[in-house]
Amino acid sequence: LTYKSSDYSSGSGTIKNYRFGTKFTIKQCMQYIFDYSDNCAYYMLQDYFGYSGYNKFISSLGCRTSVNANTRWGYVSAADSAKEWIQMYDYIYNGRYADFIRKGLATSTSSNFRIGLNGKYTVYSKCGWTDYLHHDTAVVEAEHPYVLICLTNRVSSSRLQQVAKAADAIHTEMWNYYL
């Protein structure tokens with residue numbers, strides 16, 4: 001994939017620091033998304049694969065969003081993100097590139113959920129952030145895996161870590177005492 005000016009984003013990532021015309025493999029772009037939440041890599045993949053396949057898939061899950069060249073992120077809600085993660089969890093064990101995706105999500109950068117759970121479980125996570133937002137979404141591979149989503153407006157990393165601890169305490173209590 002060739003990095004073009006139309007792929008530029010001032011948001012998180014490292015590709016934005018490269019010269020336009022620099023070439024990357026699909027695998028490199030995916031790795032930059034895992035490692036840096038790289039927006040330019042995301043745009044490059046959108047340009048390469050197009051929007052219709054993603055839109056058709058996401059709609060089949062019952063999600064309310066679509067993306068295009070002007071609306072590259074679409075509308076994201078916690079409920080829709082949970083639907084996506086349920087599918088992702090299946091993919092990381094059964095998909096064509098399962099090993100690569102599983103490893104990337106298990107070691108992705110800046111997972112406040114992973115930090116908050118302090119290595120207690122494998123956490124498959126994808127974070128995103130701007131100057132105004134900080135999100136973390138994940139599947140926590142507990143004895144009974146669960147999806148954990150937190151979409152926030154200007155919240156600190158430590159608060160997201162506390163969300164993970166609280167969610168795990170609720171999850172543990174639910175399985176130990178109520179089911």
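Helices (H or I, at least four residues) and strands (E, at least two) are DSSP runs, numbered from the N terminus. The model is predicted, with pLDDT of at least 70 needed for local features and 80 or more for side-chain atom pairs, while totals for chains, interfaces and linings use all residues. Residues are numbered from 1 along each chain as its sequence is written, and side-chain values use heavy atoms, without hydrogens or water.

Q: Why is Trp175 called partly exposed?
A: Buried means under 20% relative accessible area, exposed means over 50%, and partly exposed lies in between (1.4 Å probe, protein chains only). Trp175 has 33% relative accessibility, so the residue counts as partly exposed. Trp175 lies in helix α7.

Q: What makes the nonpolar surface patch that includes Trp175?
A: Patches take residues with over 30% relative accessible area and no salt bridge, and nonpolar side chains (Val, Leu, Ile, Met, Phe, Trp, Tyr) are joined within 5 Å. A salt bridge here is a side-chain nitrogen of Lys or Arg within 4 Å of a carboxyl oxygen of Asp or Glu. Met174, Trp175, Tyr177 and Tyr178 make a patch of about 500 Å², with areas from the Shrake-Rupley method and a 1.4 Å probe.

Q: How do you know that β1 and β2 pair?
A: Two strands pair if DSSP finds at least two bridges between them. Eight bridges join β1 (residues 122–129) to β2 (residues 133–141), and the strands run antiparallel. Val123 has Val140 as its bridge partner in β2. Three residues separate the two strands, which form a hairpin.

Q: What makes the largest nonpolar core, and which residues have the most contacts inside it?
A: A nonpolar core is a set of buried Ala, Val, Leu, Ile, Met, Phe, Trp, Tyr and Cys residues joined through side-chain atoms within 4.5 Å. The largest has 13 residues, and Phe113, Leu117, Val140, Tyr146 and Leu148 have the most contacts inside it. Two or more residues come from each of α6 (112–117), β2, β3 (146–153) and α7 (157–178). A second, separate core of ten residues includes Ile15, Cys29, Ile33 and Leu45.

Q: Why is Ser37 called buried?
A: Ser37 counts as buried because its relative accessibility is 6%. Ser37 is found in the loop between α1 (26–36) and α2 (39–49), with phi near 50 degrees, a positive value in a residue other than glycine.

Q: Is Asn118 buried or exposed?
A: Asn118 has a relative accessible area of 68%, so Asn118 is exposed. Asn118 sits in the loop between α6 and β1, and its phi is also positive, near 50 degrees.

Conventions
Patches are made of residues with over 30% relative accessible area and no salt bridge: like charges are joined within 9 Å, nonpolar side chains (Val, Leu, Ile, Met, Phe, Trp, Tyr) within 5 Å.
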